[in-house]
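Please consider the following model, which is a predicted one. The paragraphs below proceed from a single residue to the strands and then to a helix.

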Amino acid sequence: MTLRHLALLGSTGSIGTSTLDVVRAHPEELAVVALAGGRNRDLLLAQAEAFRPRALSVGLREDADWLRSRLSYAPDLHWGPEGLLACALHPEANTVVAALVGSAGLASTEAALRAGRRVCVANKESLVVGGGLMHAAALAGGGELLPVDSEHAALHQLLDGRDPASIREVRITASGGPFRDWPLARLQAATVEEALNHPTWKMGPKITIDSATLMNKGLEVIEASVLFGLTADQVAVTVHPQSQVHAMVGFRDGSYQLQVCANDMKLPIQYALLYPDQRPGPVPPYPWTEARTWTFEPPDLGRFPCLGLAFEALRAGGTAPAILNAANEVAVAAFLSRRIGFWDIQACDRAILETLPSEPLDSLAQVLDADAAARRHAEGWVASR
């Protein structure tokens, strides 16, 4: 097996820390050569001392100076967007874990693919806003794209080696979030604290709010379309509160196959890092000796309109997913800072998607322009409330 030398972008987030747990479980197969964090410099300092990477990147130069004064060794220190690129393109790295939140990881993901790296994508926004560009970069540079989202890792396992002509549809599952059973009036008035109280997963605040609106699942629908070459009509969502079945594939003959595992992100992370090998790791096998009940139900688009907006953006194509993603990032940040209410998130997303026309997607610069325009309009929408 190829020894994987990792550049981990977003090391201090939940995906980043889980990735390092997987590295600890496979010290002879995985090594860390670069770590990029944000403003959590205390945790990044501890990670650096534990794994001794050759390069580190932080958000600001002052954070780099702070690290330099405290580290017991002298790695290369970088900061800002250039620092992300320096880590992603570190000459010793053959594998990049893209675990940054939001569209900040777009340029580094594209550069790593163009440089021929294996890129394990937990940053779904890179695929949502520039999926075609990511495929083109991988084709041009010989890079390899593997998903880290639990649903897409499950689909990768189910679809690997399958004849595309045999596939009727794929279904990704959603827990339904904290408001799955809430009546509409109560959901519309949900507080920040209620929205952050996810029943199944421990995640960062942005993705947790996206899970409460089901926008996270909508972005995953777009991601599935990009990763596996599926139309909007071939991707569906099923609400499964137990989060044990992560994806299903429906075949032309009417049968389905399901992927089942514990709801622990270390499993899809390990799958992407070690593919095609599937080794014992830090997560125990699924306990079939325990009695359990699984339930499945369709999503309610009336109470969770963000999911429907994602399907609209996917069908529109071009820059529409980038516009929706950028508007949503602004709206979620405004909700978390209590500038708008919970129901305003979907209203902002819809308003910006309807205001800005979608254009054919030709370049990374065009994606960034669409992203910036959507953010300006969304900030204006928030300010007007």
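**From a buried proline to an enclosed helix**

Pro 147 has a relative accessible area of 2%, and because residues under 20% count as buried, this proline is classed as buried. Pro 147 lies in strand β7, which covers residues 144-147. Leaving aside residues up to four places away in sequence, Pro 147 touches Val 121, His 152, Ala 153, His 156, Leu 227, Pro 268 and Ala 272.

Attention now turns to strand β8, formed by residues 167-174, of which 6 of 8 are buried, leaving the strand mostly covered. Strand β8 pairs with two other strands. With strand β10 (residues 245-251), the pairing is antiparallel and comprises 5 bridges; here Val 170 stands opposite Val 249 of β10. With strand β9 (residues 235-239), β8 runs parallel, and 5 bridges join the two. In this pairing, Ala 174 stands opposite Val 239 of β9.

The last element is helix α14, residues 320-336. How far apart are the end C-alpha atoms of α14? They are 24 Å apart, in agreement with the 24 Å that 17 residues should span at 1.5 Å a residue. Of the 17 residues in α14, 15 are buried, and the helix is therefore largely enclosed by the rest of the structure. Just after α14, Arg 338 adopts a positive phi of about 65°.

Key: Residues numbered from 1 in each chain as written. Predicted model: local features only at pLDDT ≥ 70, side-chain atom pairs only at ≥ 80, totals over all residues. Heavy atoms only, no water. Helix = DSSP H or I, 4+ residues; strand = E, 2+ residues; numbered from the N terminus. Expected span 1.5 Å × (residues − 1). Buried < 20%, exposed > 50% of the residue type's maximum accessible area, 1.4 Å probe, protein only. Pairing = 2+ DSSP bridges. Contact = heavy atoms within 4.5 Å.
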